[in-house]
Amino acid sequence: MSNEPKRTTDGLKSKPTRDSLAVALDAINDRWSLHIVRAVAFGASRYTDILRVVGAPRDVLSSRLRKLTESGILQPHSPEKGRLAGYELTEKGRDLGQVILVLKRWGDTYREDTVHKVDFIHDVCGEVFVAQVTCQACGRPIKSGEFSVDQTSLGC
């Protein structure tokens, strides 16, 4: 799939057709959003906890929390018995966890030796797991170069 801009009849460049991948990338298109989702997924919920874990400037964190809330990835929760006010992931936000796990696998592969590796345990079987993208039809792992874009689905 080429992300080359299409040319209009007058030769001007226009944006590529918007598709579901573009929607996904727009949801997390800045430096801090996935860090925030990761922090909340790991248990930080209050603003100050997220600030400490993520390290973003306060104004940037406030803006990103607002954006992630408006896009339905986070939702604020009110103080309840034994729980302080803060943020939690919505279903849409929890589904981003799968993206983060695939990015983690890439990070594990290409990290420097001095960078700490974190393992995740599959709660169902109790074993360490590695995220893997598989073909829904045949169940085989997908590797780079083993897929192409269905040009008919692009709407170009």
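Tutor: Before we start, a quick sorting rule: Ala, Val, Leu, Ile, Met, Phe, Trp, Tyr, Cys and Pro count as nonpolar, Asp, Glu, Lys and Arg as charged, and the others, Gly among them, as polar. The model is predicted, so local features need pLDDT of at least 70 and side-chain atom pairs pLDDT 80 or more, while totals for chains, interfaces and linings use all residues. Numbering runs from 1 along each chain as its sequence is written, and side-chain values use heavy atoms, with hydrogens and water left out.

Student: How many helices and strands does the protein chain have?

Tutor: Helices (H or I, at least four residues) and strands (E, at least two) are DSSP runs, numbered from the N terminus. Count them up and you get five helices and six strands.

Student: What volume of space lies in the largest pocket?

Tutor: A pocket here is an open set of points on a 1 Å grid over the protein atoms alone, where a 1.4 Å probe fits and protein lies on both sides within 12 Å along at least five of seven lines. Points are joined across faces, edges and corners, and the volume is the space filled by probe spheres set on them. For the largest pocket, that comes to about 1000 Å³.

Student: Which element gives the largest share of its lining?

Tutor: Lining residues have an atom within 4 Å of a point, and the largest pocket has 27 of them, with Gln98, Val99, Val102, Leu103 and Val133 nearest its centre. Both α1 (20-27) and α5 (91-110) supply at least two. With eleven residues, the largest share belongs to α5.

Student: How many charged residues does the lining of the second largest pocket have?

Tutor: Sort the lining of the second largest pocket by class again. Ten residues are nonpolar and three are polar, and the charged ones number five.
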